[in-house]
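Dear colleague,

Here is the structure I promised to pass on to you. Please have it open while you read the notes below.

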Amino acid sequence: MSASFPTETPPGFRGLDPELPVRIYRRHLPHWRQDGATYFVTFRQEDALPQTKLRDLRQLRQQWEELHPTPRSESDWTEYARQFTRRVEHWLDQGYGSCLLARPAHAQIVVALMRNTDPACCALNAFVLMPNHVHVLVRPRAGHTLESVVGSWKRESARRINRAELRRGALWEEESYDRIVRDAGHLRKVVAYMGNNPHKAGLAPGASVRWVCEEWEKAGWGFEACGAEA
């Protein structure tokens, strides 16, 4: 990590506010929502995990539920999400599936959609495109939900990539993985993780796309400043 790493959070960042209410809903994973918060989101291609891995995840859920009978606390769900996400992220880096984002033309479709998002909808802070999944740091604006912002990227990119590939069917897994970024320390770890993901997955130069908004770069919150490989 750079010795000159900034002590203040970057412009526009809003971590978890303990004074504001948090809403929780659950599908396969728990999802925490707080108005104005910054989120770390990962969405993957529908075929990025083979059936054997999906079966492992179902078994993990079943075993966890047996060990944590209802009622389940927020800390129980947090630990489950941590175990689930850690396992999925490891498997995603193995490069399963069609890996359509490894094709520059398809990657640029996703990049253009995210970069051209109306600033009134969200503050887009950083993203990394891997061959079969995408990491994003984003803060929805008032009146807009994380689901609507990410859903618009997924729907339109699926439409364009499917048309280019002459294919039909789902491109993205319906449920994304997301978490509220707690504070500056957590943010630094997230930015470093995102920036290091291509190196950790063994990708060749140019096989991924990394981007941080100009305001964060100027404030010293680029990938390298947070500890990622150049």
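This is a predicted model: local features need pLDDT of at least 70, side-chain atom pairs count only at pLDDT 80 or more; totals for chains, interfaces and linings use all residues.

Residues are numbered from 1 along each chain as its sequence is written, and side-chain values use heavy atoms, with hydrogens and water left out.

Helix α4 covers residues 146-165, and its 20 residues reach 28 Å from the first C-alpha to the last, close to the 28 Å expected at 1.5 Å a residue (the expected span being 1.5 Å times one less than the number of residues). Helices here are DSSP runs of H or I with at least four residues, strands are runs of E with at least two, and both are numbered from the N terminus. Among the buried residues of α4 are L146, W153, E156 and I161, where buried means under 20% relative accessible area with a 1.4 Å probe, protein chains only. The buried residues of this helix pack against β2, β3, α3, β4, β5 and β6, contact being heavy atoms within 4.5 Å. Just after α4, L166 takes a positive phi of about 55°.

The axes of α3 and α4 come within 10 Å and cross at roughly 150°; axes are lines fitted to C-alpha atoms, for helices over the stretch in contact, and angles run from 0 to 180 degrees between N-to-C directions. The two helices, α3 and α4, are therefore roughly antiparallel, a term for angles over 145 degrees. At this meeting, H106, I109, V110, L113 and M114 in α3 face W153, E156, S157, R160, I161, A164 and E165 in α4 as contacts.

A search of the whole structure finds 9 aromatic pairs, counted when ring centres of Phe, Tyr or Trp (its six-membered ring) lie within 6.5 Å. The rings of F43 and W172 have centres 5.0 Å apart and planes at 75°, so this pair is edge-to-face, the word for planes over 60 degrees apart. Because F43 lies in strand β3 and W172 in the loop between α4 and β6, the pair ties together parts that are 129 residues apart in sequence. F43 is buried, with a relative accessible area of 1%, and W172 is buried at 8%.

W77 and Y80 also form an edge-to-face pair, 6.0 Å centre to centre with 80° between the planes, and both are buried. Ring pairs link W64, W77, Y80, F84 and Y177 into a cluster.

Terms used. Buried means under 20% relative accessible area, exposed over 50%, partly exposed in between (1.4 Å probe, protein chains only). Rings of Phe, Tyr and Trp (its six-membered ring) pair if their centres lie within 6.5 Å; planes under 30 degrees apart count as stacked, over 60 as edge-to-face and the rest as tilted. Angles under 35 degrees count as roughly parallel, over 145 as roughly antiparallel, 65 to 115 as roughly perpendicular and the rest as oblique.
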